[in-house]
Amino acid sequence: MKILVCITNVPDTTAKISFTDNDTKLNKNGIQYIIGPYDDYALARGVELKEQFGGAVTVLHVGGAEADPQIRKALAIGADDAIRVNCDPLDSYFVASQIAHIARENSYDLILMGRESIDFNSGVVHGLVGEMLGIPSYSPVMKLDIEGSTATIAREIDGGKETLSAPLPLVLGCQEPISEWKIPNMRGIMTARTKPLLVVEPVSVDDMTVPEKYSLPAPKGACKMIPASEAETLIKLLQTEAKVL
Amino acid sequence: MSVLIFVEIDNGTIKKTSLEAIAYGAKIAEKTGGNATVLALGAADATELEKAGFYGANRVLHASDAKLAHENSLAYADVLAQAAAKEDSKIIILAKSGLGDAVAARAAAKLKAGIVSGVTELPEINGAFTVTRSIYTGKAFATAEIKSDVKILVIKKNAIEVDESQLSTSTAIVEAFAAALRDSDFTATVGQVEKASSELSLTEADIIVSGGRGMKGPEHWQPLLDLASALGAATGCSKPVSDLDWRPHHEHIGQTGIKVAPNIYIACGISGAIQHLAGVNGSKCIVVINKDPEAPFFKAADYGIVGDVFEILPKLTQAAKNLK
């Protein structure tokens, strides 16, 4: 089975976000980068499926060289090789076009990624890639099993979940509890150093959107404390003061 | 030319978040001098669909093919692209949800459209078409210009204020839309569907009461459920609670769970880890109840009560009941 796992390189979930250069760039000072948490689940499940059925897992990242440590980590977790499309991506459409291009050249049985990146939170890349390749896409996938050339999926829907089975190839956006995050072991870290990481240039895509600037939410006012003995007054305050009830 | 609004149908009626999308699309149509046209798929009564008019829509295209009754993002995107082509729509609006994002994404690839998901306010249209959306899970906003001819906007809850007392009184004209369905969109076999239909959906709810580890165990949830029912609220939980299986996974609110934007969010026994805050920072008013006065959640709250949740919750429930 040939599996492609697409990973993002994002500020970790506790990062404090601020901007520089007249609010046109993220202030990367003091920010620790990680593999997107949802992508990490996709990677873990991809590696498990390879261990079960044989084949290979290729890791793909669309972005700059600063992601290489995270790509090496993915190789240490168990991916066999990696591709990085060297660019500074502008939007989801651009990223999806790059992924679709790589996928067309290599024809994978499964293309896995997180349900969304935790920097831009769009959650549309799997759908875009699926449509660009003319194959189905499903998200958010919480359970994935393969039998022959059919995938059985459990995915979250509004207020519940649904199971479905569909023929491969598929594009899937993943989330917990599809698998448990894997921590690389020493042997994995050693072998990852020599696994191939191919750097390719992007294919050209029309500009769909162009970023202009970033901003932060207005600071929150002070919290109004209500004594526990008068807790019931909260309901009145919500109605008459906050006017939200 | 018209602004096309894709709506989600639940039990034959248009979902609340989709009604917001109609109001949002109608405002843009007003600005750009076009019509606001709604696309509704699956089973729904014309009398329900007509109500799109109250929110500013002129027409509703209804594709009622039985094959569209069950949520299918592949087929829905196909029909959306067909409707956009037929209507010559250059602006397409959807409400943000798992389905909304999936349909928008596949339609964007078909229509070669720029897509922006998580939009938080009306676009600015003066020569350039610029939109602002939420990024870093609510920690910041990004403004971008959409350059493409066709533009797709997936809007977050509360991207537009809808005053229910100021709605239009005219209904929309409902027309049948004959969609060409492709077999390739129906290769999946849908098995079991588990849906808690009696529960209010978290993404739609105006009030949410949510519990954390401070609730001490699944058997102690009743006071929280009582308050939720007195307020007509949906119930949520923190990640540890869903990890411990105290509550179902679809109630998990946070960075890796559901992101919510209610008018009131009441957190009971949740300390307020940054990952949880990321899921609730779209809320208009946050109430935190915690026995620990140092709980970080108080810094993000509008109202705080320090004390025992099991003493406080019944008091709130009583006060909420007295209100009605």
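UniProt, in an unreviewed entry, assigns residues 23-212 of chain A to "domain: Electron transfer flavoprotein alpha/beta-subunit N-terminal"; UniProt positions follow the numbering used here, feature names are shortened, and annotations may be inferred rather than shown by experiment. This is a predicted model, in which local features need pLDDT of at least 70 and side-chain atom pairs count only at pLDDT 80 or more, while totals for chains, interfaces and linings use all residues. Residues are numbered from 1 along each chain as its sequence is written, and chains are lettered from A and ligands numbered from 1 in the order in which they are written.

Over residues 23-212, chain A is 31% helix and 33% strand, with end C-alpha atoms 9 Å apart. Helices (H or I, at least four residues) and strands (E, at least two) are DSSP runs, numbered from the N terminus.

Helix α3 (residues 92-106) of chain A has 15 residues that should span 21 Å at 1.5 Å a residue, and its end C-alpha atoms agree, being 21 Å apart; the expected span is 1.5 Å times one less than the number of residues. Because 11 of its 15 residues are buried, α3(A) is largely enclosed by the rest of the structure. A residue is buried if 20 or more other C-beta atoms, placed from the backbone, lie within 10 Å of its own. Among the buried residues are Tyr93(A), Phe94(A) and Ile99(A). Just after α3(A), Ser107(A) adopts a positive phi of about 40°.

Both chains contribute to an open sheet of 6 strands, in the order β15(A)-β18(B)-β17(B)-β16(B)-β14(B)-β15(B), with parallel pairing. At its edges stand β15 (224-225) of chain A and β15 (234-237) of chain B, each with a single partner strand, so one side of each has no neighbour in the sheet. Two strands pair if DSSP finds at least two bridges between them. Two pairings are set out below.

The contact between the chains takes 72 residues from chain B and 61 residues from chain A; residues are in contact if their C-beta atoms, placed from the backbone, lie within 7 Å. Helix α4 (residues 98-111) of chain B gives the most to the side of chain B that touches chain A, with 9 residues.

How values were computed: A residue is buried if 20 or more other C-beta atoms lie within 10 Å of its own, exposed if 12 or fewer, and partly exposed in between; C-beta atoms are placed from the backbone. Two residues are in contact if their C-beta atoms, placed from the backbone, lie within 7 Å.
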